Amino acid sequence: MSLIFYFAPMSTATLTHLVLEELGVPYDGKKLDTRAGDTQKPEYLKINPNGKVPTIVHDGVAIWESSAITMYLGETFGVEKKLWPAPGPKRGQAMMWVAWTNVTLGEAVYRRGHASGQWGPEPKNEKAFDTANADIAKLLGILDTELAGKQFLLGDYSLADTHLHSICDWLHHMKIDLAPFAHIATWSERCKQRPAYQKVMASGG
Ligand SMILES: N[C@@H](CCC(=O)N[C@@H](CS)C(=O)NCC(=O)O)C(=O)O
C-alpha cells in the first residue's frame, strides 16, 4: 500500500492531516510551501490541476478535495476502527456533515474571508462582511442545536467530528465568536482531547 499526502501546515490540508492521524495509517507526507509557489509547479499541477492542498495519492491514484478525501479514507480505513460508519443511514449522516462543512459552512466562511479585505486584492466590504457573519452565526446555531445532549455528532466520535471540528477551530483563529454556542464549546474541548489532534497541532498543523 502506498499513500502520499501533499499538505501545507495550517491550511485546508490540516483536516486531512487530522483524519490520517486518527486512522493511524502509514503515509508519506510531502510538505509544500504555498507562498513559494510549490502548489503551482507543473509537476504538482499534474497531480492536482487546481493547484491546492490537500491531495492524497493512494496506490498511484490522486484524490483531491478535503471532503472527498475524508469520506474516502473513512470508508477505506475507518470502518473497522469504528471511526466511520458502515454503509447505511449513519454513513449518510457522516457524509452529510462532511459535505455541510465544506459546501454550506465553507461557502459562508469563504464569503466572509473575501469580504474582510484580508484575502486577496478586494477591499473590505462592510455590508457583505456583516451578512457573511450573520450567515455563519445562523449555521453555527444549527450545529449547536445538533450537539445538544450529545458527546459527538453521531453519538460516538467519528471522522465527521474530526473534519468539522477542524474548521470550527479555524473559525476560532479567525476571531469568529463561538462563545454564544455552548454545545459547540464543550464538543470542541472533547475533540481537542484526541491524541491525534494534539499530535497534529504540536507538529504545526
Ligand atoms: N475545496 C478545496 C480547497 C483547498 C484550498 O483552498 N487549499 C488552499 C489552502 S487552504 C491552497 O492549497 N492554496 C494554495 C494555492 O492557492 O496556491 C478542499 O477542500 O480541498
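The model under discussion is predicted. Its ligand sits in the largest pocket. There are 13 residues around the ligand, and those that come nearest are Thr39, Gln40, Val53, Glu65 and Ser66. By residue class, this shell comprises 8 polar, 3 nonpolar and 2 charged residues.

The side chain of Lys52 places an N or O atom 3.2 Å from an oxygen atom of the ligand. For the side chain of Asn102, the corresponding distance from an N or O atom to a ligand oxygen is 3.3 Å. Gly51 takes part through its backbone, where an N or O atom lies 3.4 Å from an oxygen atom of the ligand. On its own, the ligand has 520 Å² of accessible area, of which the protein covers 74%.

The structure holds 1 cavity of 30 Å³ or more, and the volume of the largest cavity is about 50 Å³. Which helices each supply at least two residues of its lining? They are helix 1 (13–23), helix 6 (159–173) and helix 8 (195–202). The lining of the largest cavity consists of Leu18, Glu22, Tyr157, Thr162, His165, Cys191, Arg194, Ala196 and Tyr197. These lining residues divide into 5 nonpolar, 2 polar and 2 charged.

Methods:
Residues are numbered from 1 along each chain as its sequence is written. This is a predicted model: local features need pLDDT of at least 70, side-chain atom pairs count only at pLDDT 80 or more; totals for chains, interfaces and linings use all residues. Side-chain values use heavy atoms; hydrogens and water are left out. A residue is near a molecule or strand if one of its heavy atoms lies within 4 Å of it. A polar contact is a pair of N or O atoms within 3.5 Å; within protein, one must be able to donate a hydrogen and the other to accept it, and residues adjacent in sequence count only if both atoms are side-chain atoms. Accessible areas come from the Shrake-Rupley method with a 1.4 Å probe; for residues, only the protein chains shown count as cover. On a 1 Å grid over the protein atoms alone, a cavity is a set of points where a 1.4 Å probe fits but cannot get out, and a pocket is an open set with protein on both sides within 12 Å along at least five of seven lines; lining residues have an atom within 4 Å of a point. A molecule sits in a cavity or pocket if more than half of its atoms lie within 2 Å of its grid points. Ala, Val, Leu, Ile, Met, Phe, Trp, Tyr, Cys and Pro count as nonpolar, Asp, Glu, Lys and Arg as charged, and the others, Gly among them, as polar. Grid points are joined across faces, edges and corners, and a volume is the space filled by probe spheres set on the points. Helices (H or I, at least four residues) and strands (E, at least two) are DSSP runs, numbered from the N terminus.
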